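My entries follow the display.

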Amino acid sequence: MSLASYDRFLERAAGWGFDSPRLRQHLRTAFAACLAVFAAWALGLQHPQWAGMTVWAASQPLRGQMLEKSFFRITGTIIGIAGGVGLVLLAQGHLLYLVTGLALWMGLCAGLGNLQRGFASYGTMLAGYSAAMVALLDSGHPAHVYALGWDRLLTALTGVVAALIVGWLFIPADAEIPGNGQVRRLCARLLRDMAAAARQVKPGQSALSPKELAERLSALALIEEGLEPHAAGSQRSRRAVRALRRLMNTQISALLWLRDSTGKTITADFSSAHALTMAEALEQAAKLLETQPAPHAAIDAIARARDAAAGWGHAQEIIGNIGLALQAHLVAASDLPLPSQHRARQLPVVLHSDWVSARRAMLRAFSSIFLVGLIWVITGWSGGAYMLLGLSVMITVFSSFENPAFTMRYVILGQAMGAAVALACQWLVWPLAGSQLQMVLWMMPFIFIGALLFSHRRTMLSGYDCNMVLLLALSPQFPYTLDYGHSLAMAVAIITGPLAGWLAYRFILPITVQGRLQGLRAMMVHELQDMAAAPMHTKDVRIWRARLFHRLLRLVRASEKAGPAEVQQAASCGLAALRVGKAVHVLHGLSDDVLQSESTARSVRSALLRLQNLQAAPAKAVPLLRAVAKRIQHRQPEQALQLQLAAQDIGAHPTFFASTAKIA
């Protein structure tokens, strides 16, 4: 087929319900899978179909993503094989010991995988079910486990090589991070808001409404959610994503400042002339960000605004940090190294780790694998190994999804489609094969059928699982003996894996959007308590602030999935946590001030002690914070304002600050 004919076929396929870009990608991946299966067979590997499964798993739309996922695919496979071999040798043929060890291993991998991000998380999950493939598929023959482990490793390597060769020839190089332009536009809008605040400062009036704050945070949260895949493949990509996150953090800090930007913190040094200079410089920087593809001149304008902002509370620090973060972002986007002494390095990026979900995933994986394995041990069902293998994939890979019980519906459908296509090959074609080579070659049209199902709009959500099950079920062993009952029983056993997974997600520590929201709230409040319990150095303050920024964005994004009405409330609660964090920092600073009176020092200690148990009784912290603010009002008005605002927010959000969840 010529290239022109292929393009016409893709155009015609769009009218049949296929997604043309996905069809192009998946046909290419199917070709790589066929190449991998043939190469694995030519190398004499026992399970050549596993190489095709690796191709589907490693396939990605960009080169960097494919390269990094392939690396973690191999790393996870090696670790999983070692774990599986160890389990088989320790069990020595005792199924109960094998099931118990596998349950412990799966729980460990599921828990660690939920603490990681991106392809590192995928590699950890893969280590879990790779051990299951080695331990379960030949559980009755411990002496063969080394051969099975080597076969698993070599087929994975063959699949990765095939995916890389085909992908490198046809997959485009990594493009600019999609969120770059939008973050710059949001930054320009923020600078205009700060300019407006400088021109029209009114005591007691916030520069942004709660609705506007929620909209800005929601836009940043949506961008942040899609950043992780673009950090894959190279140090350049990681630097670019890190710089973009740093710029987003400085915008959150500025939004919080705008929320609190009242005339109360303006000193006599900040004159109307300074305000005008600051506003004009910020507007110029905003215009450059909006109109120039590489707006490096905006940094000079921001520097002028920073110099003019002296005397307006933390405005100078806020504007300076935006300039530093913007410069680091532009340098990273242009592929230039950031100078080692650049002060942007003092603005850390710390990402949220979901300890609550990790603990629940670990317990869920252990209990479900152990229970299903126990049923297999008691009944002795021949399909139990395949059922347990399917469950091991479901209970790890999908544990980090927002709603895995819902996702399981598409997985079950996909695995049913894959089993049906595999049965068609086993019943209709393979009985006619005269050699193993013919069996391998006659598998290939069915692999392309899986690619078509993966590309059609009605079945694309189930297509990946269809392809994986199709290849798992097609083991080309010659001479082939057709056994309708056995092949049908194996197909049913494979499908029972996701059914068991659905039951686990539905009834064993179920995952819900509200549950994830509650866990995020509890972790934010728990961190505030930890901060109150221990004095913080400057570096510590930057770290907790950066982590709270990331958790705030996760909270806002999760609330959008729970319902649009909750977004504004989530944004308000998250910003309230940041305010309380600032108040904790102020209290630690006051506790170190030797010039404070003894009565003030006692009030500060009482407030810190109460904040260490904030979840137990949030309302009791309010009068203590106000009492300290009243004592330091004349001597330290800015710190007093921070304490008053924190007390106000705790009183306004008692349910949020009373959030509880067991933190691992």
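I started with helix α2 (residues 20-42), which holds both phenylalanine 38 and tryptophan 41, 3 residues apart, about one turn of the helix. Helices here are DSSP runs of H or I, at least four residues, numbered from the N terminus. The model is predicted: local features need pLDDT of at least 70, side-chain atom pairs pLDDT 80 or more, while totals for chains, interfaces and linings use all residues. Residues are numbered from 1 along each chain as its sequence is written, and side-chain values use heavy atoms, without hydrogens and water.

I then looked up aromatic pairs and found 11. Phenylalanine 38 and tryptophan 41 form a tilted one, 5.7 Å centre to centre with 40° between the planes. (Rings of Phe, Tyr and Trp, the latter by its six-membered ring, pair with centres within 6.5 Å; planes under 30 degrees apart are stacked, over 60 edge-to-face, the rest tilted.)

Is the pair phenylalanine 366 and phenylalanine 370 stacked or tilted? It is stacked, because the planes lie at 10°, with the centres 6.0 Å apart. Both residues sit in helix α14 (residues 355-379), 4 residues apart.

Phenylalanine 38 has a relative accessible area of 34% and tryptophan 41 has 24%, so each is partly exposed (buried is under 20%, exposed over 50%, partly exposed in between; 1.4 Å probe, protein chains only).

Last, I looked for charges over rings (NZ of Lys or CZ of Arg within 6 Å of the ring centre and within 35 degrees of the ring normal). Arginine 152 lies over the face of tryptophan 50, 5.8 Å from the ring centre. Arginine 506 sits over phenylalanine 507, 5.2 Å from its ring centre.

Methods: Helices (H or I, at least four residues) and strands (E, at least two) are DSSP runs, numbered from the N terminus.
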